[in-house]
Amino acid sequence: MSDGRAWQGNVKARLYERVRERGYDSLTAFAEARPTASLVELADELGPDDIAAVQVFSGLVAEAEQSRRVTRLVRGQLVRELAQHLPNGWPAVLDDATRFDVAHALARWTTYTPETHKERVKQARAALRTTPPPPGWRPLGPDDELLRTLLPDEEV
């Protein structure tokens, strides 16, 4: 994507055309069918040369805002970050290496959190650090019981 093709033409139309070509009526449905895929993997599947991860995320946020399901999107993004940075689940022991992996996943999660949910994510991060999930915990989607406890569906 370094050649800039992702930003040429009607980005939104291209994104939704690719989603429909794959049999989905929304970007959210496409992404939720791949709950542990990173934003980069989703973008690559839709168009490795002309779709950027940030475009996918922007579309997901717009759909979540429209459907008033931003909290679900935020939980789903944590699932994606944990799958990428902690593929074997939550570590049993927090040593230097695993502490960095956890911090990296949580920092990326915060980066991809809309402003409306930043404070709630900050509280959820603190809860995860104070009372870590069981070793090996690896949520496979936004409806994971622990995730729903950390971030209930009430929209802000």
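Buried residues have under 20% relative accessible area, exposed residues over 50%, and partly exposed residues lie in between (1.4 Å probe, protein chains only). The structure is a predicted model, in which local features need pLDDT of at least 70 and side-chain atom pairs count only at pLDDT 80 or more, while totals for chains, interfaces and linings use all residues. Residues are numbered from 1 along each chain as its sequence is written, and side-chain values use heavy atoms, with hydrogens and water left out.

**Exercise 1. Aromatic pairs**

Classify the pair formed by W90 and W137 as stacked, edge-to-face or tilted, and state whether W90 is buried or exposed.

Solution.

Step 1. Rings of Phe, Tyr and Trp (its six-membered ring) pair if their centres lie within 6.5 Å; planes under 30 degrees apart are stacked, those over 60 edge-to-face, and the rest tilted. The count by this rule is three aromatic pairs.

Step 2. One of them joins Y24 and F30, with 5.7 Å between centres and 80 degrees between planes, and is edge-to-face. Y24 is partly exposed because its relative accessibility is 23%, whereas F30 is buried at 0%.

Step 3. For W90 and W137 the ring centres are 6.2 Å apart and the planes stand at 55 degrees, so this pair is tilted.

Step 4. The pair links distant parts of the chain, 47 residues apart: W90 belongs to the loop between α5 and α6 (96-111), and W137 to the loop between α7 and α8. Helices here are DSSP runs (H or I, at least four residues), numbered from the N terminus.

Step 5. W90 has a relative accessibility of 4% and therefore counts as buried. W137, at 12%, is also buried.

**Exercise 2. Salt bridges around R75**

Identify the salt-bridge partners of R75, and determine which residues are joined into one network.

Solution.

Step 1. A salt bridge requires a side-chain nitrogen of Lys or Arg within 4 Å of a carboxyl oxygen of Asp or Glu. Side chains of opposite charge can pair when their charged atoms come close. The rule gives twelve salt bridges.

Step 2. One partner of R75 is D143, at 3.8 Å from N to O. This pair connects distant parts of the chain, 68 residues apart, with D143 in the loop between α7 (118-130) and α8 (145-150) and R75 in helix α5 (residues 70-85).

Step 3. R75 is buried, since its relative accessible area is 0%; D143, at 43%, is partly exposed.

Step 4. Another partner is D153, whose closest N and O atoms with R75 are 2.8 Å apart. Here 78 residues separate R75 in helix α5 from D153 in the segment after α8. D153 is partly exposed at 38% relative accessibility.

Step 5. Through shared partners, salt bridges join E32, R72, R75, D143, R148 and D153 into one network.

Step 6. A further salt bridge can be examined: E21 and R22 have their closest N and O atoms 3.6 Å apart. E21 counts as exposed because its relative accessibility is 52%, while R22 is partly exposed at 32%.

**Exercise 3. Helix α4 and its packing**

Compare the span of helix α4 with the expected value, and describe how α4 packs against α5.

Solution.

Step 1. The expected span of a helix is 1.5 Å times one less than its number of residues. Helix α4 (residues 53-67) has 15 residues and spans 21 Å between its first and last C-alpha, close to the expected 21 Å.

Step 2. The buried residues of α4 are A53, Q55, V56, F57, G59, L60, V61, E63 and A64. They pack against α1 (11-21), α2 (27-32), α3 (39-46) and α5, where contact means heavy atoms within 4.5 Å.

Step 3. Two packed helices are described by the angle between their axes and the distance between the axes. Axes are lines fitted to C-alpha atoms, for helices over the stretch in contact, and angles run from 0 to 180 degrees between N-to-C directions. For α4 and α5 the angle is about 145 degrees and the axes are 8 Å apart.

Step 4. The contact brings F57, L60, V61, A64 and E65 of α4 to V70, L73 and Q77 of α5.

Step 5. R68 lies in the loop between α4 and α5 and has a positive phi of about 55 degrees although it is not a glycine. R68 is exposed, at 60% relative accessibility.

How values were computed
Helix = DSSP H or I, 4+ residues; strand = E, 2+ residues; numbered from the N terminus.
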